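Colleague: I have a few minutes before my next meeting. Can you take me through this model?

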Amino acid sequence: MASLQAHLSHPKYRPDIDGLRAIAVISVVAFHAFPDRLQGGFIGVDIFFVISGYLISTIIFQNLERGTFSFAEFYARRIKRIFPALLLVLIASYGFGWFALFADEYKQLGKHIAAGAGFVSNIVLWNEAGYFDNSAETKPLLHLWSLGIEEQFYIVWPLLLWFAWERNFNLLTITLLVAIVSFCLNVKGILSHPVATFYSPQTRFWELLCGSLLAWMTLYKKGLFATLRTKLDGWLAYAVYRESHAADGKTLANALSFVGLFLLVYGFFLINKDFNFPGRWAMVPMVAAVLIISAGPNAWVNRIVLSHPLAVWFGLISFPLYLWHWPLLSFARIVETEVPSINIRIVAVGLAIALAWLTYKLVEKPIRFGSHSSVKTTVLVLLMIGIGYVGYGSYSMNGLEFRQADAPTKTKMFADVNGTVLYNTPEDWVDERCKAALGSSYNYLMCRFTTATPKTLVVGDSHAAQFVYDSISQGSNDLALVAVNGCLPFIDLVTINPTEEFAEKSTRCKVIMPIVLKLLRDFPTIQRVVFATRGAMYIEGSGYGNTEKKNNYRIIKSPDDLLAENYNQFISGYVASINEILKLGKAVVFIEDVPEIGVSAKNCVDERPLRITARELPECDVSRKSFDERNLNYRRAVGSIDTATHNRIKIFPAYEYLCDELSCGGLQDGASYFYDDDHLSMRGSRFIFDKYAEWLGQEPK
């Protein structure tokens, strides 16, 4: 490694690569702003990966060979390249969020600011993904996942190459091995663990390493490929031109660039978010970018299209444009509480371009290319640590609820709906008593005790957990919870959620009843088992309202999605499970579920802290007729056991406390009793559990 005074050499500037950056960033912006028009625009990120791998590896390979590589200078250049624009966007997002976001939203923004400052956004977003994760459109810093992967690559790759170079290893072999392993992990993981595969650095590095392989071949094997390129060029010229044409390399270069451009167009319009991506489909943008870069700056596409001054200009502002565009679109989505109008999205894109140019001109260029380099680097690092600390502090302080002390009454009363303490992180789902009782058998499980001697065991899916939010947070009512999101808690009955893989889901759903029976044997103090599920969803085979896709759920035993099959299998599992519990001498309560309101609870608030346009509130009440029709088969299935004959079985009609003769709703006394479109908030949980205690004839402790 060279001394600190060494100066890194850089590859010769190619305007066509800036033009390729322009295509990448414009496609991403277009996809985010107008997803119906360019459904595959998200592959622009993969183009960025290849470009980054190519340029960074070219710098590392060249300077290792010349003995001029310096970690200090390498990372100082990265800091001056990345930190200025990123700091500006993080600070602006934090400032706007102060006025625009509810406490739970600001809490999450604080976490994402800390993650962005630490370049681990991909890891944080990976851990957030799941049943209760909020919509991607409401995460203003979601796009920093790709920056996290790039920065993790910048940390690992130079160290690995330097280590290999010092020990005289073949850098091509190292690059190939790592790329192949990463690609294989990507292909294998996309089916079994799609979220992890999307966000994990080890399943994404191969895309950057394809750029690294191109860099190595460009630097070291020009001679080796020169003969082959000449022959290919001659064959192509013979096939293309009527008369003889000199084998000067231009025909092959043009062919490579045109094929690359064709692959990009194919990817932009044919690939969509329903594909298993990245997987093998990521080969399309990767091969396209490699072909276009390898074609060289003199190929027609590169020289005329990509090197056009407008394309180069967009390429120069591509990094700040990428950083600015998504927060603007996401904040617009949040404050509008719905997809913003096309006019708002057009304005957001225009504003992003203007801010990107100003950032590049007034912030990025002066810091990157001015004097006092070491001072700038130190200040940038300190500022990044500072904004990360502020973000984490806001997260730790629950989104600084005091910000909205003067907000309208309904807005303030809505602010505590985020009190779903069970769902902060997966580690919160299983407490120490459960771990001691279950050993390692608690994957995907929510299992919590409020006491060492519980008297009631609540069993089900997330709607069982919502029933005891408040009790568990307060450690009261002598109960335990066993639940798995999206799963019926019945013997030999498995349900699936199509957003997760079948194999994973079938495993997680089967654990519930064996664990329930084990806890009933191990804890003789438990005298009552309370079942709670989002029953109508499983029988009807779909979610409810505009917030959820239709035909989401089915019972696996069913040969198809017929309502009759779902209904019969529900009853079969329901009766079998209750009979097993009755054999153990326990009482059973089945909770007939609260209403599904079909819209996000936040949409029901009279006014957010900040809005762009006026709007009419959506109908946040469900007509009683609609509710009864939706739940008819579910309530009939629950009532299939004769409670008059089985006096140890009771049915608690929770919905009655949120319904009247005309409607069922989530707003009571000016406050939301719901967290989203179908789960109770902390306030709603407290209200329904108190009603349950009264109904049971006992007061909550």
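Colleague: Which kind of model is it, predicted or experimental?

Modeller: The model is predicted.

Colleague: How many helices and strands does the protein have?

Modeller: There are 27 helices and 12 strands in the protein.

Colleague: And what share of the residues counts as buried?

Modeller: Of 701 residues, 54% are counted as buried. As for contacts with a separation of 6 or more, 76% of them are between residues 24 or more positions apart.

Colleague: Helix packing next. At what angle do α1 and α2 pack?

Modeller: About 150°, with 8 Å between the axes of α1 (residues 15–33) and α2 (residues 44–66). α1 is therefore roughly antiparallel to α2, the cut-off for that being over 145 degrees. The crossing of α1 and α2 is left-handed.

Colleague: Which residues of α1 and α2 meet?

Modeller: From α1, I17, L20, R21, A24, V25, S27 and V28. From α2, G44, V45, I47, F48, I51, Y54 and L55. By class, the contact of α1 with α2 has 11 nonpolar residues, 2 polar and 1 charged.

Colleague: What about α11 and α12, at what angle do they pack?

Modeller: α11 (residues 250–270) packs on α12 (residues 283–295) at about 155°, and their axes are 8 Å apart. The two helices, α11 and α12, are therefore roughly antiparallel. Their crossing is left-handed.

Colleague: Which residues of α11 and α12 meet?

Modeller: On the α11 side they are A253, L256, S257, V259, G260, L261, L263, L264, Y266 and G267. On the α12 side they are V284, P285, V287, A288, L291, I292, S294 and A295. The contact of α11 with α12 is made up of 14 nonpolar residues, 4 polar and no charged.

Colleague: There's a tryptophan I keep clicking on, W281. Where is W281 found?

Modeller: W281 sits in the loop between α11 and α12.

Colleague: How accessible is W281?

Modeller: Partly exposed, at a relative accessible area of 32%. Beyond neighbours within four places in sequence, W281 is in contact with Y266, I271, F275 and N276. Y266 is also among the α11 residues that meet α12.

Colleague: Changing topic: how many disulfides are found in the whole structure?

Modeller: The search finds 2 disulfides. C434 is joined to C447, with an S to S distance of 2.0 Å. C659 is joined to C664, also with S to S at 2.0 Å.

Colleague: Where do C434 and C447 sit?

Modeller: C434 is in helix α19 (residues 432–438) and C447 is in strand β1 (residues 446–449), 13 residues apart, so this pair is described as linking distant parts of the chain. C434 is buried at 0% relative accessible area, and C447 is buried at 1%.

Colleague: Is the link of C434 and C447 left-handed or right-handed?

Modeller: Left-handed, with -80° about the S-S bond. The link of C659 and C664 is right-handed, with 110° about the S-S bond.

Colleague: Are C659 and C664 buried or exposed?

Modeller: C659 counts as buried at 14% relative accessibility, because the cut-off for buried is under 20%. C664 is buried too, at 0%.

Colleague: What about C184 and C210, buried or partly exposed?

Modeller: C184 is partly exposed at 46% relative accessibility. C210 counts as buried at 15%.

Colleague: Last one, S685. Where is the place of S685?

Modeller: S685 is in helix α27 (residues 682–696). S685 is buried, with 1% relative accessible area.

Colleague: Which residues is S685 in contact with?

Modeller: Setting aside neighbours within four places in sequence, S685 is in contact with Q466, F467, V468, Y469, D470 and L680.

How values were computed:
Residues are numbered from 1 along each chain as its sequence is written. This is a predicted model: local features need pLDDT of at least 70, side-chain atom pairs count only at pLDDT 80 or more; totals for chains, interfaces and linings use all residues. Side-chain values use heavy atoms; hydrogens and water are left out. Axes are lines fitted to C-alpha atoms, for helices over the stretch in contact, and angles run from 0 to 180 degrees between N-to-C directions. Helices (H or I, at least four residues) and strands (E, at least two) are DSSP runs, numbered from the N terminus. Angles under 35 degrees count as roughly parallel, over 145 as roughly antiparallel, 65 to 115 as roughly perpendicular and the rest as oblique. A crossing is left-handed if the near helix is turned anticlockwise from the far one by less than a right angle, and right-handed if clockwise. Contact means heavy atoms within 4.5 Å. Ala, Val, Leu, Ile, Met, Phe, Trp, Tyr, Cys and Pro count as nonpolar, Asp, Glu, Lys and Arg as charged, and the others, Gly among them, as polar. A disulfide is a pair of cysteine sulfur atoms within 2.5 Å. Buried means under 20% relative accessible area, exposed over 50%, partly exposed in between (1.4 Å probe, protein chains only).
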